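User: I would like to go through this model term by term, asking what stands behind each description.

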Amino acid sequence: MRSKNMRVLFVDGCIRGAQSRTRMLAQTFLDTLTARKPDCTVEIADLNTLRLVPLFGDTLAERDAAVAKQDWTNAWFAQAVQFQQADLIVLAAPFWEGTFPAAMHTYIEHICAAGLTFKYGEDGSQIGLCKAKHAVFFGTKGGIYSQGAAREDDFAARFLKTNLRMLGIPELDVVEAEGLDIDGADVEGILEQAKNQARAVAERL
């Protein structure tokens with residue numbers, strides 16, 4: 001990851017687009033990273049634009065047939081191939097209903113392709129095949145989930161860690177701004193603190 005020409009994949013699940021506070025955090029990170037590493041290339045998987053379709057019975061059968069042939073040129077695997085080849089993964093999505101919007105879940109469905117981004121060992125264990133060994137996740141939350149009773153209701157980072165580990169990406173940095181929708185919250189102060197965390201992560205990579 002410290003070599004030149006780092007290939008960065010930014011998975012943009014900020015469905016509010018330019019108005020997204022989550023994207024603001026991710027962009028702060030990317031700006032800092034590219035300033036430090038001008039040779040790196042940032043590719044964007046914009047989930048608003050991609051409009052990926054969830055897997056249903058018929059589409060799953062179609063995809064499984066392509067998996068059986070290991071036909072990775074099939075359009076079903078465009079996102080998985082891009083993900084598999086990236087050196088660093090950056091994901092951003094707001095906190096919704098315990099994790100994040102459905103668009104991000106659908107994206108994860110698309111990148112989990114047996115034989116391409118992971119495989120099974122002889123003992124049944126999952127072996128990741130992705131090039132990246134590090135990912136960074138940016139999220140924003142209206143309430144407080146880092147402490148108190150609501151802590152056990154936050155599955156976003158845990159869900160990502162499970163899937164990224166399966167794909168061979170063991171390291172995940174999480175940068176989140178929470179409490180943004182509480183009456184009287186210092187929104188700008190909270191966001192600035194998270195931006196500083198984003199910059200610090202970029203400085204380490």
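Analyst: This is a predicted model, in which local features need pLDDT of at least 70 and side-chain atom pairs count only at pLDDT 80 or more, whereas totals for chains, interfaces and linings use all residues. Residues are numbered from 1 along each chain as its sequence is written, and side-chain values use heavy atoms, with hydrogens and water left out.

User: What makes the 5 strands an open sheet, and in which order do they run?

Analyst: The strands follow the order β2-β1-β3-β6-β7 with parallel pairing, where strands are DSSP runs of E with at least two residues and helices are runs of H or I with at least four, numbered from the N terminus. Two strands pair if DSSP finds at least two bridges between them, and β1 and β3 have 5 bridges in the parallel sense, so they qualify as a pair under that definition. The sheet has edges at β2 (41-46) and β7 (171-177), each of which pairs on one side only.

User: Which residue of β3 stands opposite Phe 10?

Analyst: Phe 10 has Val 90 opposite.

User: Why is α4 called roughly perpendicular to α5?

Analyst: The axes of α4 (residues 78-85) and α5 cross at roughly 80° and come within 7 Å; axes are lines fitted to C-alpha atoms, for helices over the stretch in contact, and angles run from 0 to 180 degrees between N-to-C directions. Angles under 35 degrees count as roughly parallel, over 145 as roughly antiparallel, 65 to 115 as roughly perpendicular and the rest as oblique, and therefore α4 is roughly perpendicular to α5.

User: Which residues make the contact between α4 and α5?

Analyst: Gln 79, Ala 80 and Phe 83 of α4 meet Tyr 107, His 110 and Ile 111 of α5, contact being heavy atoms within 4.5 Å.

User: What makes a group of residues a nonpolar core, and which members touch the most others in the largest one?

Analyst: A nonpolar core is a set of buried Ala, Val, Leu, Ile, Met, Phe, Trp, Tyr and Cys residues joined through side-chain atoms within 4.5 Å; buried means under 20% relative accessible area, exposed over 50% and partly exposed in between, with a 1.4 Å probe and protein chains only. The largest core has 28 residues, among which Phe 83, Ile 89, Met 104 and Tyr 107 touch the most other members. At least two residues each come from β1 (7-12), β3 (88-92), α5 (102-111), β6 (134-140) and α6 (156-166). Another core, of 24 residues, lies apart from it and includes Phe 29 and Phe 138.
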